[in-house]
Amino acid sequence: MGDIRNIVVLTGAGISAESGVPTFRGPDGLWEGHRVEDVATPEAYRRDPDLVLDFYDQRRAKLASVEPNPAHVALGRLDAEWKGKLLIVTQNVDDLHERGGAERLLHMHGELKSAWCLSCGERHPFDGKMAGYPACAVCGVSGHVRPDIVWFGEMPYRMEEIDVAIATCDLFVSVGTSGAVYPAAGFVQSARYAGAETLELNLDPSEGSIFFNESRMGRAGDLVPEWVDAVLGG
Ligand code: NAD
Ligand code: ZN
């Protein structure tokens, strides 16, 4: 690992699975019993805001009863000890990376514990229920606070920063993501184009598995600590 200085780690729902947060598409193709189109699109929010707000209220409330697992903790340690550049890009909307100690972290698909007011446009920390149409903490207007989540059809956050990090990284590691959701699914190819080594850590081969130099199959809670130990020890 001697010539590795800049690392980008992409994480997806699989890294939180062992914490008890279900992944996106279960065996039934549903997300916690719902079709993705019914809860994770702007159209769904317009059609049935109560259903969508309640869905995210439940996901947010669940965070109080789950804990970071060894994979989150290992990435927190990598962040604390890695002297080179590091960016952890997560597609997850939970807060388990920050609770596992990660700071060089970016939530490209938003966060459950953030609210976005469509009246004033501001985002603010949020830890209650949106289904009761609370007032915005910034402008005080009620009825326009939505989850600060990037839904299908919306633009992921901070893509310029991500692009720069990937274009200048030496190692790109993908953890627990199915490789089905773009643009994140395309990061491995950008990383290879930039000349980086690419490593996949996933329970089973993702849709983009063939694009990685190396794929290790197993549980994130085992594979990530092993990999972090090797990187920091080498
Ligand atoms: P996904 O559910 O499509 O894929 C999860 C991947 O993780 C699968 O390839 C699966 O094989 C793998 N996996 C499952 N258990 C694992 C484990 N213990 N160790 C390692 N790998 C494991 O998730 P995605 O690719 O992140 O795309 C889903 C979208 O859903 C994202 O945009 C995300 O915002 C959203 N989502 C987030 C959460 C969360 O925040 N925890 C949960 C569900 C969905
Ligand atoms: Zn507001």
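Biologist: What makes the pair formed by an oxygen atom of ligand 1 and a backbone atom of phenylalanine 24 a polar contact?

Modeller: The oxygen atom of ligand 1 is 2.7 Å from a polar backbone atom of phenylalanine 24. A polar contact needs N or O atoms within 3.5 Å. The pair meets that cut-off, so it counts. Keep in mind that this is a predicted model.

Biologist: Where does ligand 1 sit, and which residues come nearest?

Modeller: The space taken by ligand 1 is the largest pocket. There are 27 residues around the ligand, and Phe24, Gln91, Asp94, His109 and Thr177 come nearest. By class, this shell has 10 nonpolar, 12 polar and 5 charged residues. Helix 1, residues 14-17, gives the largest share, with 3 residues.

Biologist: Why is aspartate 79 called buried?

Modeller: Its relative accessibility is 8%. Buried means under 20%. The value for aspartate 79 falls under that limit, so the residue counts as buried. Aspartate 79 is found in helix 5, residues 70-81.

Biologist: What does the side chain of aspartate 79 reach?

Modeller: The side chain of aspartate 79 reaches the backbone nitrogen of glutamate 103, at 2.5 Å.

Biologist: Why is tyrosine 133 called partly exposed?

Modeller: Tyrosine 133 has 31% relative accessibility. Buried is under 20% and exposed is over 50%. The value for tyrosine 133 lies in between, so the residue is partly exposed. Tyrosine 133 is in the loop between strand 5 (123-125) and strand 6 (145-149). Its phi is near 55°, a positive value in a residue other than glycine.

Biologist: How do you know that arginine 158 is partly exposed?

Modeller: The relative accessible area of arginine 158 is 44%. Again the limits are 20% and 50%. Arginine 158 lies in between, so it is partly exposed. Arginine 158 is in the loop between strand 6 and helix 7 (159-167). Phi of arginine 158 is near 55°, a positive value.

Biologist: What is the omega of the peptide bond from tyrosine 182 to proline 183?

Modeller: Omega is near 5°, and the bond is cis. Proline 183 is in the loop between strand 7 (171-175) and helix 8 (187-193).

Terms used
Residues are numbered from 1 along each chain as its sequence is written. Chains are lettered from A and ligands numbered from 1 in the order in which they are written. This is a predicted model: local features need pLDDT of at least 70, side-chain atom pairs count only at pLDDT 80 or more; totals for chains, interfaces and linings use all residues. Side-chain values use heavy atoms; hydrogens and water are left out. A residue is near a molecule or strand if one of its heavy atoms lies within 4 Å of it. A polar contact is a pair of N or O atoms within 3.5 Å; within protein, one must be able to donate a hydrogen and the other to accept it, and residues adjacent in sequence count only if both atoms are side-chain atoms. On a 1 Å grid over the protein atoms alone, a cavity is a set of points where a 1.4 Å probe fits but cannot get out, and a pocket is an open set with protein on both sides within 12 Å along at least five of seven lines; lining residues have an atom within 4 Å of a point. A molecule sits in a cavity or pocket if more than half of its atoms lie within 2 Å of its grid points. Helices (H or I, at least four residues) and strands (E, at least two) are DSSP runs, numbered from the N terminus. Ala, Val, Leu, Ile, Met, Phe, Trp, Tyr, Cys and Pro count as nonpolar, Asp, Glu, Lys and Arg as charged, and the others, Gly among them, as polar. Buried means under 20% relative accessible area, exposed over 50%, partly exposed in between (1.4 Å probe, protein chains only).
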